[in-house]
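Me: I have a protein model open and I want to learn to read it. Can we go through it feature by feature?

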Amino acid sequence: MSKYPDYISEKRRPVPTPKDLVENGEAHFGTFIDPFPAMSLLDIKKPCGNMPGLLKKGRLTVWEAFEINMDEGTLVSAVYNMNALGFNIMVFYDKAEDKVYSWQNFAPGYKCKVAPTLIDTTTSLVLKKSSLEIENHFEDGRCHAKGHAVNRKSGEFEFDMEAVRVSPPSVVSIPLGKPNPLYSEKDFFKATGYIKINGKTYKSNERTTVIVDDHKGYYPFHAHYDWLTMMGKVDIDGENKYLAINFTHNQSTNEADYNENLLWLEGESHPIPPVKFEKINKDYWRVYDDNGKVEVFFDMRKDFKMMLHLLVVDISYRLPYGYVKGFVTDTNGKKYIVDGMTGIGEDKTTRI
């Protein structure tokens, strides 16, 4: 087992996964090898302060996202459960048209099912005018998603995609102030299937890729994170090979030891050091680290916004699409150029 370079904490090395994320009322923190068989997050003692069980459940944020990159466009789809309220979104960026199509549908929380784990489960929100279902078989390295939606602005949409894992998963539990955990699993897949918009069908090919993002946690009352990902095939030593990257800057109390920044390659993955997001302007970001191992610029073309301002909920959410350039370095010192890859970002602030 080779030692990580000095700028990567050994706590970022994946360790065997416990049977449950929570044990004796306390969460396990760290980076893990496999998906969790169980996540008893409601058993945590005093998350977000000492609150009754009903309010504890209300503080728990859960979602699962299925993100697809194709030659013609990029889709972000997700099911969210906010307890009293649930919703799904399906947002497609058409690269040739330089246009975003979007569908979002809200429903009572009891209709919104976010899977408790990723082992032989289903996440779904099925409504009359839309549906999104994600079938999780991560014990076998597989995932399948399908959905449909219709509205006046963007028209008719459907997709069906089967995904097979390309690289080891990213499974982390990050402290957002003890005892509050943020669990996140992100997996990189190659995929087959189609996306259909207003009668036009986009079919998968050998470059079609998927990232699944499963997310559960107790966020602070005032929370913010920035995120940027990219996936596809790039030239590596004269061969086209799968590559994906995840960058996140959130409210981890110790980003050096606990973060989810990762480089995926075919059959392997490499932790990336903590990164910073510099908003050069509203449509141009720089993502970098303090060791010169990451330098990526994100040039946004179009975005989707969701602003939800209620008495007890305040969400400001921006989902931009565009293109990246720059590089990232693996733990062996090898540099990978990402110029021209499609980027998907998030800039999210909440008060819940």
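Reply: Start with burial. A residue is buried under 20% relative accessible area, exposed over 50%, and partly exposed in between, with a 1.4 Å probe and protein chains only. Pro 169 counts as buried, because its relative accessibility is 13%.

Me: What kind of model is this, and how are residues numbered?

Reply: This is a predicted model: local features need pLDDT of at least 70, side-chain atom pairs count only at pLDDT 80 or more, and totals for chains, interfaces and linings use all residues. Residues are numbered from 1 along each chain as its sequence is written, and side-chain values use heavy atoms, with hydrogens and water left out.

Me: How many helices and strands are in the protein chain?

Reply: Helices (H or I, at least four residues) and strands (E, at least two) are DSSP runs, numbered from the N terminus. The protein chain has one helix and 25 strands. Its radius of gyration is 19 Å, close to the 20 Å that the globule rule gives for 352 residues, so the chain is as compact as a globular protein of that length. That radius is taken over C-alpha atoms, and the globule rule is 2.2 Å times the number of residues to the power 0.38. Along the principal axes, the C-alpha atoms fill a box of roughly 55 × 50 × 40 Å.

Me: What share of the residues is buried?

Reply: Of the 352 residues in the protein chain, 58% are buried. Now the surface. Accessible areas come from the Shrake-Rupley method with a 1.4 Å probe; for residues, only the protein chains shown count as cover. The accessible surface of the protein chain comes to about 14,900 Å², and 51% of it belongs to carbon and sulfur atoms.

Me: How many charged side chains are positive and how many negative?

Reply: Lys and Arg count as positive, Asp and Glu as negative; His and the chain ends are not counted. The place of a charge is NZ of Lys, CZ of Arg, CG of Asp or CD of Glu. The protein chain has 45 positive and 49 negative side chains. The centres of the two sets lie 5 Å apart.

Me: Which residues does Pro 169 contact?

Reply: Contact means heavy atoms within 4.5 Å. Pro 169 sits in the loop between strand 11 (155-165) and strand 12 (170-175). Leaving aside neighbours within four places in sequence, Pro 169 contacts Ile 33, Glu 185, Lys 186 and Asp 187. Across the whole protein chain, take contacts between residues at least 6 apart in sequence: 54% of them join residues at least 24 apart.

Me: Where is Pro 179, and is it buried or partly exposed?

Reply: Pro 179 lies in the loop between strand 12 and strand 13 (181-197). Pro 179 counts as partly exposed, at 22% relative accessibility. Not counting residues up to four places away in sequence, it touches Ala 27, Phe 29, Ile 44, Lys 45, Lys 46 and Pro 47.

Me: What does a residue inside a strand look like? Take Met 230.

Reply: Met 230 is in strand 16 (residues 222-236). Met 230 is buried, with a relative accessible area of 1%. Beyond four places in sequence, Met 230 touches residues including Ile 211, Leu 243, Phe 247 and Met 341. The C-alpha atoms of Met 230 and Ile 344 are 6.4 Å apart, although 114 residues separate them along the chain.

Me: What about Val 212?

Reply: Val 212 is in strand 15 (residues 209-218). At 1% relative accessibility, Val 212 is buried. Beyond four places in sequence, its contacts include Phe 66, Phe 138 and Cys 143.

Me: Where are Asp 98 and Asp 120, and what is phi in each?

Reply: Asp 98 lies in the loop between strand 6 (85-94) and strand 7 (99-108). Its phi is near 50°, a positive value in a residue other than glycine. Asp 98 is partly exposed, at 30% relative accessibility. Asp 120 lies in the loop between strand 7 and strand 8 (121-126). Phi of Asp 120 is near 55°, again positive in a residue other than glycine. At 54% relative accessibility, Asp 120 is exposed.
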